[in-house]
Amino acid sequence: MTAALSLCPHIALGRHRRARADRPGAGIVPPGSHGDKPDRYLLGITRAYRTRFIPEHGFTVYLPAPFKTVHTYVYGPDGRLRPATDTR
């Protein structure tokens, strides 16, 4: 469940470089996104979810059931994501 927190460079590193301008899709911010990174990430663990297709945007969203557990991650002084002490 926590693989994306270490495998995705955009999430794992606080100051990850953006893709070079000559790469396909570079500089494109998806609809509904602002491009800024949060100072913390929450990983909610749930046992169920529903999906809903949004035809005007052409994608599916996942709507989770209430979380059983929530883990909080923050960027440390070294710029890497680490578990926060306020995880519940």
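Biologist: Is Tyr 75 buried or exposed?

Modeller: Tyr 75 has 19% relative accessibility, so the residue counts as buried. Buried means under 20% relative accessible area, exposed over 50% and partly exposed in between, with a 1.4 Å probe and protein chains only. Keep in mind that this is a predicted model: local features need pLDDT of at least 70, side-chain atom pairs count only at pLDDT 80 or more, and totals for chains, interfaces and linings use all residues. Residues are numbered from 1 along each chain as its sequence is written, and side-chain values use heavy atoms, with hydrogens and water left out.

Biologist: Good to know. How many aromatic pairs are there?

Modeller: Searching the whole structure gives two aromatic pairs. In one of them, the ring centres of Tyr 41 and Tyr 75 are 6.3 Å apart and the planes stand at 80°, so this pair is edge-to-face. Rings of Phe, Tyr and Trp (its six-membered ring) pair if their centres lie within 6.5 Å; planes under 30 degrees apart count as stacked, over 60 as edge-to-face and the rest as tilted.

Biologist: And where do Tyr 41 and Tyr 75 sit in the chain?

Modeller: Tyr 41 is in strand S1 (residues 40-45) and Tyr 75 is in strand S4 (residues 69-75), so to speak distant parts of the chain, 34 residues apart. Strands (E, at least two residues) and helices (H or I, at least four) are DSSP runs, numbered from the N terminus.

Biologist: How do S1 and S4 pair?

Modeller: They are antiparallel, over six bridges; two strands pair if DSSP finds at least two bridges between them. In S4, Thr 72 is the bridge partner of Leu 42, and Val 70 is that of Gly 44.

Biologist: What is the strand order in that sheet?

Modeller: S1-S4-S5, an open sheet of three strands with antiparallel pairing. S1 and strand S5 (81-83) are the edge strands, each pairing on one side only.

Biologist: Switching topic, what about the whole protein?

Modeller: There are two helices and five strands, in the pattern α-α-β-β-β-β-β along the sequence. Of its 88 residues, 18% count as buried.
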